[in-house]
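Visitor: I'd like a close look at a single part of this protein. Could you pick one residue and walk me through its surroundings?

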Amino acid sequence: MSITFQIAGATYTEGTEPCICEPGEYPDGNFTVCPYCQGKGVCPTSVSNLPELNMSNLNALDLLALINVGPVQSCGEWSAGALNQVHKNLMALMNTPKGERFEVEPIQEGNFFMGGRSKQYVDHRFNALLNIVVVAKQRGSEVFWA
Ligand SMILES: [Zn+2]
């Protein structure tokens with residue numbers, strides 16, 4: 001499960017991209033035709049004209065809790081009026097010990113491995129979300145996630 005942060009009013013361009021399958025890869029057991037492209041060799045894509053951010057549920061909910069504006073649940077929105085507070089809180093999180101709490105060490109216990117969140121991962125998500133908030137403010141749009 002994942003959560004995508006999006007700006008209201010985004011438009012999407014439908015297109016195609018090459019499939020990950022190799023020509024002649026199928027049939028090879030379970031499939032007689034590629035399950036992704038049904039043998040066409042290309043898959044449909046949908047590209048937004050505005051920035052978006054996709055994260056795992058767990059990471060998105062942890063980030064929403066740190067930002068602390070609006071619901072900490074798997075779908076919700078920040079109204080255009082709430083974005084100044086989101087912007088302010090996000091800026092405060094970046095480069096502060098509170099924001100550093102979003103970083104998580106990887107965990108390895110026997111065969112169980114959880115990847116954690118590196119500083120690079122955290123910086124990228126903070127910057128991507130900040131960009132979404134700035135663009136939404138410029139447009140007077142809300143940001144929603146689901
Ligand atoms: Zn394919």
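Guide: Happy to; here is one residue, followed by the whole chain around it. Please keep in mind that this is a predicted model, where local features need pLDDT of at least 70, side-chain atom pairs count only at pLDDT 80 or more, and totals for chains, interfaces and linings use all residues. Residues are numbered from 1 along each chain as its sequence is written.

Let's take Asn-57, which lies in helix α1, residues 57-67. Helices here are DSSP runs of H or I with at least four residues, strands are runs of E with at least two, and both are numbered from the N terminus. Asn-57 is exposed because 12 other C-beta atoms lie within 10 Å; the cut-offs are 12 or fewer for exposed, 20 or more for buried and partly exposed in between, with C-beta atoms placed from the backbone.

Leaving aside residues up to four places away in sequence, Asn-57 touches Met-1, Ser-2, Ile-3 and Ser-74. Contact means that the two C-beta atoms, placed from the backbone, lie within 7 Å. Ser-74 is 17 residues from Asn-57 along the chain, and their C-alpha atoms are separated by 6.8 Å.

Now for the wider setting. The protein has four helices and eight strands, arranged along the sequence as β-β-β-β-α-β-α-α-β-β-α-β. Of its 146 residues, 18% are buried. Among contacts between residues at least 6 apart in sequence, 66% join residues at least 24 apart. Finally, the C-alpha atoms fill a box of roughly 55 × 45 × 25 Å along the principal axes.
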